[in-house]
Amino acid sequence: MTREEFFAKLDARLSILNEKERKDIIDEYQSHIDFKIQDGKTEAQAIADFGDIDALAAEILEAYHIDNNATKNKSLEYYIKSCVNFINEVTERILSLSLSDIARIIVEFIIVIFAIWLISLPVDMINNTIRSALWGFSLGGLGDLLAGIVNLFSELINIAIAFLIIYSFIKTRVMTKTPVMPKYAVKNNTKSETSAGNTANAHTETESFSYEQANFDVHTGKPLKHRKTLGEVGKSSSDFIIKMLVAILKVFLFVCIWLPGIAATIGLVIATFISIILLISQGIGLWGICLICAGCSIVSIGVTVWITEIIFGGKKKKYEEI
Amino acid sequence: MNPQFKKGVLELIVLLVISKEDKYGYQLVSEVGRIVDVNEGTIYPLLKRLTNEKYCETYLEQSAEGPARKYYKITMAGKIYLEILTKEWLQFSQTVNDFIKEMQ
C-alpha cells in the first residue's frame with residue numbers, strides 16, 4: 001500500500017470526525033512515516049507497521065468516542081483540572097519572570113484593583129437606590145427580604161466583574177509577555193565573559209543561554225508555546241499547594257455556593273407561598289411581590305440544580321477503559 | 001503478551017515517559033515501543049485522548065531538520081493522575097504476584 005492509498009483509506013474510515021481532528025491525527029501519522037523513512041525503513045514497511053487499517057481506525061474512533069463523552073460532560077473534575085493547569089501555568093510563568101517584570105506586574109495589578117473598585121461604584125449606587133426605594137414603600141418583612149436579594153445580586157455582579165478583570169489581566173499581561181530576544185543574548189553573553197575564569201560556571205551560563213533561546217522561534221523571534229521554565233525550582237512545593245487548592249476548591253464550592261443556593265431556594269419558595277397566602281387572605285395589591293418571589297424562586301431552583309449537577313453530576317463517570 | 005495487559009498499562013507508560021521530558025510523537029512512540037511491544041498506530045489516539053482530558057498538552061517547536069514537531073508536555077493534572085495510576089499499578093501487581101506465589 002502506498003502512502004496516498006493508506007491515507008485515503010484512513011480518511012474515509014474517519015469521515016465521522018470533523019475536519020480539524022481528522023487533519024490533526026493524519027498529520028501525526030504522516031510525520032511518523034517520515035521519521036520511519038529517515039530511520040532507514042521503506043514507506044511500505046512503515047505503513048505495514050500500523051497493522052490492519054480497520055483495527056487502527058476502530059482504535060482511533062474508540063478514543064474519540066470517549067473524548068466526546070468527556071468533553072460533553074463538563075463535570076466538576078473537568079473544571080478543577082482546567083483550573084489547576086491554569087494556576088500551575090501562572091506560577092511557572094511568574095517564577096520565570098525577572099525582578100523588573102514582577103515589579104511591573106505588581107504596579108499594573110494595583111491599577112487593576114483600583115479599576116475594579118471604580119467599576120463597583122455604579123453597581124453599589126444602583127443597589128443602594130433600589131434598597132432605599134424599597135424601604136420607602138414600607139413593605140415590612142418582605143421589603144427587607146427583597147432588599148437582601150438586591151444586595152446579594154449586586155455583590156455577585158461585583159465579584160463576577162472583579163473575577164473577569166483579574167482573569168483577563170493574568171491572561172494578557174502575565175501569560176503573554178513578549179520578551180525581546182537580543183536582550184537575552186546580550187545579558188547571557190556578558191555573564192559568560194565575567195565568569196570566564198570558572199569553567200563550570202561558564203558552562204551553566206551557556207546552557208541557560210541555549211535554553212532561553214530554545215523558547216523562541218529562530219526566524220521571527222516570537223516566543224514559542226511556553227515550555228518548562230525556571231519554575232521547576234518551585235515544583236515540589238507547588239505540587240502540594242495545588243493538591244491543597246483542589247481540596248479547598250471542592251469545599252468552597254460546596255459550602256459557599258451549594259448550601260446557600262439550597263437555603264435561598266427554600267426561602268424563596270416559602271416567600272412565594274406567604275405572598276400568595278397574603279394575596280388571597282388580604283386581597284390587596286401584592287401581585288407584584290408575589291410574581292417577583294415566584295420568578296426569583298424559579299431562577300434560584302434552576303441555578304441550584306445546575307450547581308448540584310456540576311458538583312455531584314460528573315463524579316459518577318469514572319475513567320473508562322482505553 | 002496478552003494484548004489486554006498492554007492496553008491497561010499503556011496510559012501509565014506514556015504519562016511516565018512525558019513526565020521526564022517533553023517528547024514529540026515519534027520519539028514517544030519509539031520509547032514506549034521499547035518497553036511494550038505494541039502497534040505504533042495505537043499510541044496516537046491515546047495521546048489525543050490524554051490531551052483532550054487535559055492530562056497533557058501540545059506545542060509546536062521548530063527543528064533544525066524538517067518541519068515543526070508537535071511536542072507533548074504533561075500537565076499538573078496529568079502528574080497527579082500519573083501518581084494515582086502508579087500507586088494503583090504497584091498495589092495491583094503486588095497483589096497478583098502474591099496470589100500467584102500462594103497458589104503455586
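Mentor: Start with A:His32, which this predicted model places in helix H2 of chain A, residues 19-38.

Trainee: Is A:His32 buried or exposed?

Mentor: The general idea is a cut-off: under 20% relative accessible area counts as buried. A:His32 has 1% relative accessibility, so this residue is buried.

Trainee: Which residues does A:His32 touch, leaving out those up to four places away in sequence?

Mentor: In chain A the partner is A:Phe50, and from chain B come B:Tyr26, B:Val29, B:Glu40 and B:Tyr44.

Trainee: Next, the backbone. What is phi of B:Lys54?

Mentor: Phi is near 70 degrees there, a positive value, and B:Lys54 is not glycine. B:Lys54 sits in the loop that runs between helix H3 (43-52) and strand E2 (56-61) of chain B.

Trainee: Now the helix pair. At what angle do the axes of H6 and H7 of chain A cross?

Mentor: Helix H6 (residues 99-136) and helix H7 (residues 141-174) of chain A cross at roughly 160 degrees, and their axes come within 9 Å. Angles over 145 degrees count as roughly antiparallel, and H6(A) and H7(A) are therefore roughly antiparallel to each other. Their crossing is right-handed.

Trainee: How many nonpolar, polar and charged residues does the contact of H6(A) with H7(A) have?

Mentor: That contact has 19 nonpolar residues, along with 6 polar and 6 charged ones.

How values were computed
Residues numbered from 1 in each chain as written. Chains lettered and ligands numbered in written order. Predicted model: local features only at pLDDT ≥ 70, side-chain atom pairs only at ≥ 80, totals over all residues. Heavy atoms only, no water. Helix = DSSP H or I, 4+ residues; strand = E, 2+ residues; numbered from the N terminus. Buried < 20%, exposed > 50% of the residue type's maximum accessible area, 1.4 Å probe, protein only. Contact = heavy atoms within 4.5 Å. Axes fitted to C-alpha atoms, helices over the stretch in contact; angles between N-to-C directions. Parallel < 35°, antiparallel > 145°, perpendicular 65-115°, else oblique. Left-handed = near helix turned anticlockwise from the far one by under 90°. Nonpolar A, V, L, I, M, F, W, Y, C, P; charged D, E, K, R; others polar.
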